[in-house]
Amino acid sequence: MGTGSKNYQAPEWLTAEFLQDVLKEHFKEEQLVVSELIVKSAQVGDQAAGFASEMHRASFNLQRGSAAKSKFSVIVKDHPKGQTGAVAQRSKLFKREILAYKEVLPRVQALLQSIGDQTKIAPTCYYTTESPEPFLILEDMQLSGFENFERGRLLNLDYVLPTIEKVAKLHACSALISQESPEVLEFFNEAPISRNPDRRDFLTFFPVNIRCVAEEVAHWKGYEEITEKMFKLAENVLQRALSMFETTGKEFRVFNVTDLWINNLLFHINNETKEPDDVVTLDYQLAYVGSPTIDLNYFLYASLNENVRKVHFKYIVREYQRVLQQTLEKLNYKGHIPTLKEIHIELINTSLMGVIGATCLTPLIFREGAGFENLEDLNSRTEKGDLFRRENVENPKYRAFLQRTIKEFELSGFLDE
């Protein structure tokens, strides 16, 4: 994630001495030495993909005890400056992510290990702080061979299935945490779209993007009824989302990544098969405890190749439910485990997340040019912001995706109030 600053400057506090102290404490090795530090910007995907963080990659030589020096690196996720920082602070995005890495994810990993499952959900967190400004120091997954998905393309089934399996295990462990230690997840009860006035600036992202899509669809012959529904959705998407969050996820509650899409995933490719054999999730700034279909709809409609989704949708959902149930049973979960039918019903009830993903996130995946620097441009009807969104929705790749996907939404009733 990053703000896309052209004149990059590393934080003054990000020194070899500081990182040495951090890693000494994490690894419990007093003889650890950090030297020859180099800090660079570490953008993940398009600049527009993550407007709520400054990202740095700190590379250095690491010596642990009597072992020889080796190359090592960490990712530093720092609080942004200016208007972006003000929005992030009011929305408590960093507090949410710090709690995710400090309190939730370690418990999830411990639960998986307790049943003999060595699955790794997310990068290891080496250090966090909330003052004077919040930041996190995370494992650099590139050292283990993880990489971003190819830019400008949507996921095929080979990439979807390991992601779905990982999400199902995260959800299963968090359901047990929600049942046995609900206080751990209490901060995450607030939905990403809520009535909290501090989130007002952040929430404008959704209606302005949907309206831009509606303006594009208005030019297409035969899409007149869909156009009318899209303009209505742009006007009331926040109200509809509030209703959705307040009426779903009552019976079975899990810890959702919520911002689960291509740019927040890193894949490991098997050297022999050349296919993905592992994945980790990134970015928990919007994490939320609620219906598991919040993550499912957002991911399935924003990041999947639309033909793959149409052909394999039910198989993917079945695989999710299978892994979810299997993991919960191994954990001796005492609550109700959603059936496949119940998950399909809940997918319909939270279908708005799929519409939001396909209209607000997918255009960014196909974008080939540079991103933006000013958060206001992304979130409001500025001249630069409107130009940025028009370039996104007029992209021929996105237009082809949208023409098929929006028809699917209309035929499924997902655009209806």
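Guide: The buried residues of helix α1 are covered by parts that include strands β1 (33-41), β2 (54-63), β3 (70-78), β4 and β5. Some terms are needed here. Helices are DSSP runs of H or I with at least four residues, strands are runs of E with at least two, and both are numbered from the N terminus. Buried means under 20% relative accessible area, exposed means over 50%, and partly exposed lies in between, with a 1.4 Å probe and protein chains only. Contact means heavy atoms within 4.5 Å.

This is a predicted model, in which local features need pLDDT of at least 70 and side-chain atom pairs count only at pLDDT 80 or more, while totals for chains, interfaces and linings use all residues. Residues are numbered from 1 along each chain as its sequence is written, and side-chain values use heavy atoms, with hydrogens and water left out.

Helix α1 runs over residues 16-27, twelve residues in total. From first C-alpha to last it reaches 16 Å, close to the 16 Å expected at 1.5 Å a residue; the expected span is 1.5 Å times one less than the number of residues. Its buried residues are Ala16, Leu19, Gln20, Val22, Leu23 and Lys24. An α-helix has 3.6 residues a turn, so residues three or four places apart point the same way. After α1 comes Lys28, with a positive phi near 60°.

A nonpolar core is a set of buried Ala, Val, Leu, Ile, Met, Phe, Trp, Tyr and Cys residues joined through side-chain atoms within 4.5 Å. The largest one has 114 residues, and those with the most contacts inside it are Phe255, Tyr284 and Leu300. Helix α4 (residues 157-180) gives the largest share of this core, twelve residues. The core that includes Leu19, Val22, Val74 and Val76 is a second, separate one of 17 residues.

Eleven of the 13 residues are buried, so α6 is largely enclosed by the rest of the structure. Among these buried residues are Phe205, Phe206, Cys212 and Glu216.

What about cysteine pairs? A disulfide is a pair of cysteine sulfur atoms within 2.5 Å. By this rule the count is zero. For Cys173, the nearest cysteine sulfur belongs to Cys125 and is 18 Å away. For Cys360, that of Cys212 is the nearest, at 10 Å. Cys360 is buried, with a relative accessible area of 1%, and Cys173 is buried at 0%.

Most residues other than glycine have a negative phi, and most peptide bonds are trans. Ser131 and Pro132 are joined by a cis peptide bond, with omega about 0°; Pro132 lies in the loop between β4 (125-129) and β5 (135-139). Thr258 has a positive phi near 75° and sits in the loop between β7 (254-256) and β8 (265-269). Asn332 has a positive phi near 60° and belongs to the loop between α9 (306-330) and α10 (340-349). Thr258 is buried, with a relative accessible area of 3%, whereas Asn332 counts as exposed at 54%.

Now the whole protein. Its secondary structure comes to 14 helices and ten strands. The C-alpha trace spans about 70 × 50 × 45 Å along its principal axes. With 417 residues, a compact globule would have a radius of gyration near 22 Å, and the protein has 21 Å, which agrees; this radius is taken over C-alpha atoms, and the globule rule is 2.2 Å times the number of residues to the power 0.38. Of the 417 residues, 58% count as buried. Among contacts between residues at least 6 apart in sequence, 75% join residues at least 24 apart.
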